[in-house]
Amino acid sequence: MPAMSLAYFKRFRMEISLYDPPAAPQLPDGYFWVPWDESLVEHHAEVKFHSFHEEIDATVFPSLSHRPGCFNLMSEIRKRQGFLPEATWLVACGDGCCGTVQGIRERTGRGAIQNLGVTPSHRGLGIGSALVLQALHGFRRAGLGRAVLEVTAQNDAAVRLYRRLGFRFRKTVYKTVETGPVYSI
């Protein structure tokens, strides 16, 4: 039986205080907020798929590389004890849903942003920033004082976004991923 090849991905754990959160988010004209509802699991999953399936995070987290994986991931996030509907949002426009974010309350009492995603044709319009801010305000409304997230270090645009919004580096972690069999001759 062949050995599995491993890859290591550097990830940053970042954190922000919610005691003086950034201003409430604004969406570009033609876009609107869709608050959490149980009937929207598939919409969140579909946006996740379109946002991540061709990105580095689909390698780091293989469930993001296919629709059933995104649906299962979204279903599991929804079932978590700390799931926060007030920090879970979709952004939509005339084309349908194009952005997603989910929030959970960690056992430590901090809010944790999960899988911020914006579909490729809607990037660069401020939707990602607005989604992060909307989640942060949801955490604040839930009485939380800090929020965290993890981001793959190679995702430069996301790292810049989080830094610009006030997140600070707290820890570097490495995610081990099996990349396939290694055959010896």
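Modeller: Happy to! One term first: a salt bridge is a side-chain nitrogen of Lys or Arg within 4 Å of a carboxyl oxygen of Asp or Glu. Please also keep in mind that this is a predicted model.

Let's zoom in on helix H3, which covers residues 67-79. Its 13 residues reach 18 Å from the first C-alpha to the last, close to the 18 Å expected at 1.5 Å a residue. Glu76 forms a salt bridge with Lys79, and their closest N and O atoms are 3.7 Å apart, which is inside the 4 Å limit. Why are these two separated by about one helical turn? Because Glu76 and Lys79 are three residues apart in helix H3. As for the surface, Glu76 counts as partly exposed because its relative accessibility is 46%, whereas Lys79, with a relative accessible area of 61%, is exposed.

Which residues of H3 are buried? They are Gly69, Cys70, Met74, Ser75 and Ile77. What covers them includes helix H1 (41-52), strand E4 (96-105) and strand E5.

If we set aside residues up to four places away in sequence, Phe71 touches Val41, Glu42 and Ala45. Compare that with Trp36: Phe71 and Trp36 are 35 residues apart along the chain, and 15 Å separates their C-alpha atoms.

Now let's follow one of those covering elements. Strand E5 spans residues 111-118 and contains Asn115. This residue has a backbone angle to look at: the phi of Asn115 is near 50°, a positive value in a residue other than glycine. Most residues other than glycine have a negative phi. Asn115 is partly exposed, because its relative accessibility is 22%.

Glu106 pairs with Arg13 through their side chains, at 2.9 Å from N to O. This pair links distant parts of the chain, since Arg13 is in strand E1, Glu106 is in that loop, and they are 93 residues apart. Glu106 also meets the side chain of Arg110 in a salt bridge, at 3.4 Å from N to O. Salt bridges that share partners join Arg11, Arg13, Glu15, Asp57, Glu106, Arg110, Arg146, Glu150 and Arg170 into one network. In the whole structure, a search finds twelve salt bridges.

Helix H4 (residues 127-141) has 15 residues and reaches 21 Å from its first C-alpha to its last, close to the 21 Å expected at 1.5 Å a residue. In H4, 13 of the 15 residues are buried, so this helix is largely enclosed by the rest of the structure. Gln134 lies in H4 and counts as buried because its relative accessible area is 10%. Leaving aside neighbours within four places in sequence, Gln134 is in contact with Pro25, Trp33, Glu86, Trp89 and Arg141. Just after H4, Gly143 takes a positive phi of about 85°.

Strand E1 (residues 3-17) holds Tyr8, which is exposed because its relative accessibility is 54%. Together with Leu6 and Tyr174, Tyr8 forms a nonpolar surface patch with about 370 Å² of accessible area. To give you a sense of distance, the C-alpha atoms of Leu6 and Gln134 are 36 Å apart.

Finally, let's step back to the whole chain. Its secondary structure comes to five helices and seven strands, in the order β-β-α-α-α-β-β-β-α-β-α-β along the sequence. The radius of gyration is 17 Å, close to the 16 Å that the globule rule gives for 185 residues, so the chain is as compact as a globular protein of that length. Of those 185 residues, 48% count as buried. Among contacts with a separation of 6 or more, 73% come from residues 24 or more positions apart. The chain exposes about 9,800 Å², and carbon and sulfur atoms supply 51% of that area.

Technical notes:
Residues numbered from 1 in each chain as written. Predicted model: local features only at pLDDT ≥ 70, side-chain atom pairs only at ≥ 80, totals over all residues. Heavy atoms only, no water. Patch = residues over 30% accessible without salt bridge, like charges linked within 9 Å, V, L, I, M, F, W, Y side chains within 5 Å. Areas by Shrake-Rupley, 256 points an atom, 1.4 Å probe, with all protein chains shown as cover. Helix = DSSP H or I, 4+ residues; strand = E, 2+ residues; numbered from the N terminus. Buried < 20%, exposed > 50% of the residue type's maximum accessible area, 1.4 Å probe, protein only. Expected span 1.5 Å × (residues − 1). Rg over C-alpha atoms; globule rule 2.2 N^0.38 Å. Contact = heavy atoms within 4.5 Å.
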